[in-house]
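Dear colleague,

Please find below the structure that I promised to pass on to you.

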Amino acid sequence: MRALILVGGYGTRLRPLTLSCPKPLVEFANKPMIIHQIEALKQAGCTEVVLAINYQPEVMLGFIEEWQEKLGVKIVCSQEKEPMGTAGPLALARETLDDGKGTPFFVLNSDVICDYPLKDMLDFHKARGAEATILVTKVDDPTKYGVVVMDEYGQVQRFVEKPKEFVGDKINAGIYVCSPSILKRIELRPTSIEREVFPHVAADNMLYAYTLNGYWMDVGQPKDYLKGLHLYLDSMAIRQAALLAHGPGISGNVLVDPTAKIGEGCLIGPDVSISAGCVIGNGVRLSHCVIMRGVQIKDHTKVDLSIIGWGSRVGTWSRLENHCVLGEDVQCKDELYLNGAVVLPHKEIKDSVPSPAIIL
């Protein structure tokens with residue numbers, strides 16, 4: 001089986017992190033975001049994954065060299081000369097995705113984190129004889145989204161964009177199973193699978209929706225990224241509790257890389273991930289935050305609701321809160337207060353940032 005991951009463009013919503021690497025390679029729970037998806041695809045029986053890319057292809061090629069062997073999955077790039085939307089990349093990779101035997105393939109958006117019920121979704125797709133199956137997830141407020149309206153068997157009847165009146169509470173979760181016959185509907189041009197292809201498949205009664213029971217989050221921007229980490233760690237606590245940190249000073253769900261060093265008298269959690277090579281000083285308080293690879297946090301500092309980018313250093317007796325995002329290699333002096341500061345890579349911060357601001 002094959003799969004295509006829509007790696008996409010510049011990841012502007014996740015800046016300043018995406019100024020250092022493409023969005024799918026930004027760490028999420030201590031490994032690149034896209035690795036979570038490729039591991040799930042492998043478990044579902046995929047042997048080849050196509051990455052549809054149009055930004056920093058040389059970085060993605062380096063990633064493939066590093067991870068292809070580790071994961072035991074063939075990874076290939078399909079490079080777009082111009083942004084091709086969500087359907088164009090399928091036409092571009094047509095020869096790879098269609099094996100000539102009618103085998104279905106997966107299509108995933110690269111910033112979706114969930115339980116990935118890919119095997120169950122594939123079985124559902126085959127049982128219905130569908131041309132395409134959309135993963136849908138239930139939301140509390142469907143008025144913000146495009147709603148998928150379907151019958152009790154999962155057959156999609158129509159799509160309603162940001163409905164004023166209640167028509168349903170299931171939205172597109174950004175993961176699809178497609179049969180190769182769908183490729184005949186897609187021209188080699190920038191085009192949207194959701195707006196220009198799926199409505200025609202639905203009109204032919206060949207589009208179905210599979211409802212996700214577990215958590216789901218589009219982690220393409222910092223606030224949602226932190227919410228996604230909370231949901232992911234919650235799921236880990238149920239399925240893989242042994243991989244979470246335990247012991248004195250750990251509160252709630254915390255993921256710590258074995259190579260990270262943590263000082264004495266720290267209070268860490270809930271919802272924290274600490275990546276490889278990090279050094280956390282004495283008396284540090286971390287909550288609802290992501291500490292990326294190689295970060296140093298000095299003694300008696302408090303970090304809450306923030307993301308600290310690779311190789312950054314936060315001085316002693318400092319406080320970071322309210323969705324601070326430090327890019328790569330940001331150096332913060334001692335005794336600073338940062339409130340909602342978004343700091344570009346390789347900056348030195350000498351003064352407090354008392355109200356939310358972007359530091360260029």
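In these notes a residue is called buried when its relative accessible area is under 20%, exposed when the value is over 50%, and partly exposed in between, as found with a 1.4 Å probe on protein chains only. This is a predicted model, in which local features need pLDDT of at least 70 and side-chain atom pairs count only at pLDDT 80 or more, while totals for chains, interfaces and linings use all residues. Residues are numbered from 1 along each chain as its sequence is written, and side-chain values use heavy atoms, with hydrogens and water left out.

I begin with some backbone angles. Most residues other than glycine have a negative phi, and most peptide bonds are trans. Asp329 is not a glycine but has a positive phi, near 55 degrees; the residue sits in the loop between strand E24 (325-326) and strand E25, and because its relative accessible area is 30%, Asp329 counts as partly exposed. (Helices, which are H or I runs of at least four residues, and strands, which are E runs of at least two, are taken from DSSP and numbered from the N terminus.) Leu305 likewise has a positive phi, near 50 degrees, but its place is in strand E21 (residues 302-308), and its relative accessibility of 29% makes Leu305 partly exposed. The peptide bond from Gly269 to Pro270 is cis, with omega near 0 degrees, and Pro270 belongs to the loop between strand E16 (267-268) and strand E17 (272-274).

Strand E25 (residues 331-332) is joined to E28 by two bridges, and these strands run parallel; two strands are said to pair if DSSP finds at least two bridges between them. Within this pairing, Cys332 stands opposite Ile349 in E28. Both strands belong to an open sheet of six strands with parallel pairing, in the order E15-E18-E20-E22-E25-E28. Its edges are strand E15 (261-262) and strand E28 (348-349), each of which pairs on one side only.

Which residues of helix H6 (residues 193-203) are buried? They are Ile193, Val197, Phe198, Val201 and Ala202. Seen down the axis of H6, these residues fall within an arc of 135 degrees, so they line one face of the helix; the arc is that of the directions from the helix axis to the C-beta atoms. Arg195 and Ala203, on the other side of H6, are exposed. The elements that cover the buried residues include helix H3 (88-92), strand E8 (132-138) and strand E12 (207-211), where contact means heavy atoms within 4.5 Å. After H6 comes Asn205, with a positive phi near 60 degrees.

Ser110 lies in the loop between strand E6 (105-109) and strand E7 (112-114), and with a relative accessible area of 4% this residue is buried. Leaving aside residues up to four places away in sequence, Ser110 touches Ile5, Leu6, Val7, Lys23, Pro24, Met33 and Gln37.

With kind regards
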